[in-house]
Amino acid sequence: MNFYDTIFYFFAFVTLVSAAIVVFSKNIIYSAFSLLFTFFGVAGIYVLLNADFIAVAQLLIYVGGILVLLLFGVMLTNKVVSVEMKTGTLQTIPASIIVAMTAGALCGVFYMTDWKIVRSVPQMTTTANSLGEMFMTTYLLPFEVASVVLLVALVGAAMIARRDRAIQNLKPKI
Amino acid sequence: MLTEFGRVFIFLIIGAIFVAGGLITAWLVRPHRWYPGKLTSYECGEEPVGDSWVRFNIRFYVVALIFLIFDVEIVFLFPWAVVYQKLGLYAFIEMMIFLAILLVGYAYVWGKGDLDWDKPTPHIPVIKKQKPVEQAYAEEVTV
């Protein structure tokens, strides 16, 4: 086991343990904070895969943005501490069939894929350069469409999340 | 052989050691005598009332949502900034189109008042002004 493998297993361990805490924790706040380490571990694995831009984007968007949103979502809920989490086993037979099929499909893909294994770890190069060039030349239209998608998301999110002014004005006036 | 992210990783380890080291030394050095009073949250000598996990106002959520969209926009800006010098005016115009489209959303959010921090309206009690005694007496007499 060389140095890279050690770091990989470290990040994989962090990701898996914190993901388990997210699922099994009874306290929803602990789940939300544990998700931070899950995202972080995934970012570390991205770095090990030489996908530096995705790793930074993961930190910036997931850890910096989505997690804040999730925490606000948790804090907006009525009860934080004593939430009755209903955990039970429902539909055991269909669930186990689906799980077995998914696991089988994943294992099949894993074993049948002709993996291009590179023995020597390639030197880390920055992907931001080539990404930027492709955005500006070959994939210009998708790039601009992404802006439209963001616009739709912004308008839609603001519209749904906005507190209705009409209802707000109905409050009793003293 | 240390890559750029190797340095980041070293920073990470040092940061973790720094935090853990401080906490562990404090735990080793401090006296272990505790009573329930020590575990209450300190608030200027006041007895804390209720839970610290209170419900937040929805307005935080709207702001967080808007922040997230512009966060994603910033991520798109990074690869552009790297190659900007190479591609020049062409890339500049492309990016301005990208930003102009998002500026529409910004204008929408601004115009709709989502960026306004809606303060709770205070209820100021109004006290009826009492007339001076002489004036009230005079009015009564004239009636």
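**A tour of two predicted chains**

Begin with chain B of this predicted model and select helix H1 (residues 4-29) of chain B, where confidence in that chain is highest, at a mean pLDDT of 91; helix H5 (residues 133-142) of chain B has the lowest, at 71. Here pLDDT is the predictor's confidence in each residue, from 0 to 100, and helices are DSSP runs (H or I, at least four residues) numbered from the N terminus. Chain B averages a pLDDT of 82, and 92% of its residues score at least 70.

Residues are numbered from 1 along each chain as its sequence is written, and chains are lettered from A in the order in which they are written. Local features need pLDDT of at least 70, side-chain atom pairs count only at pLDDT 80 or more, totals for chains, interfaces and linings use all residues, and side-chain values use heavy atoms, with hydrogens and water left out.

Next, select helix H3 (residues 58-87) and helix H4 (residues 89-111) of chain B, which pack at about 170 degrees with their axes 10 Å apart. Axes are lines fitted to C-alpha atoms over the stretch in contact, and angles run from 0 to 180 degrees between N-to-C directions. H3(B) and H4(B) are therefore roughly antiparallel (an angle over 145 degrees).

Turn now to chain A and select helix H2 (residues 28-48) and helix H3 (residues 52-76), whose axes come within 9 Å and cross at roughly 175 degrees. That makes H2(A) roughly antiparallel to H3(A). Residues that meet include Phe33(A), Phe39(A) and Tyr46(A) in H2(A), and Gln58(A), Tyr62(A) and Leu70(A) in H3(A).

For confidence in chain A, select helix H4 (residues 92-112), the highest at a mean of 93, and helix H7 (residues 165-169), the lowest at 55. Where pLDDT is low, the predicted coordinates should not be read in detail. Chain A averages a pLDDT of 83, with 83% of the residues scoring at least 70.

Finally, display both chains: 54 residues of chain A are in contact with 52 residues of chain B. The two chains bury about 4,900 Å² between them, 77% of it on carbon and sulfur atoms; buried area is the accessible area (1.4 Å probe) that two parts lose on being put together, summed over both. Select Leu76(A), Met136(A) and Leu154(A), which supply 14% of the area that chain A buries against chain B, more than any other three residues. The model scores ipTM 0.72 and pTM 0.72.

Notes:
Helices (H or I, at least four residues) and strands (E, at least two) are DSSP runs, numbered from the N terminus. Angles under 35 degrees count as roughly parallel, over 145 as roughly antiparallel, 65 to 115 as roughly perpendicular and the rest as oblique. Contact means heavy atoms within 4.5 Å.
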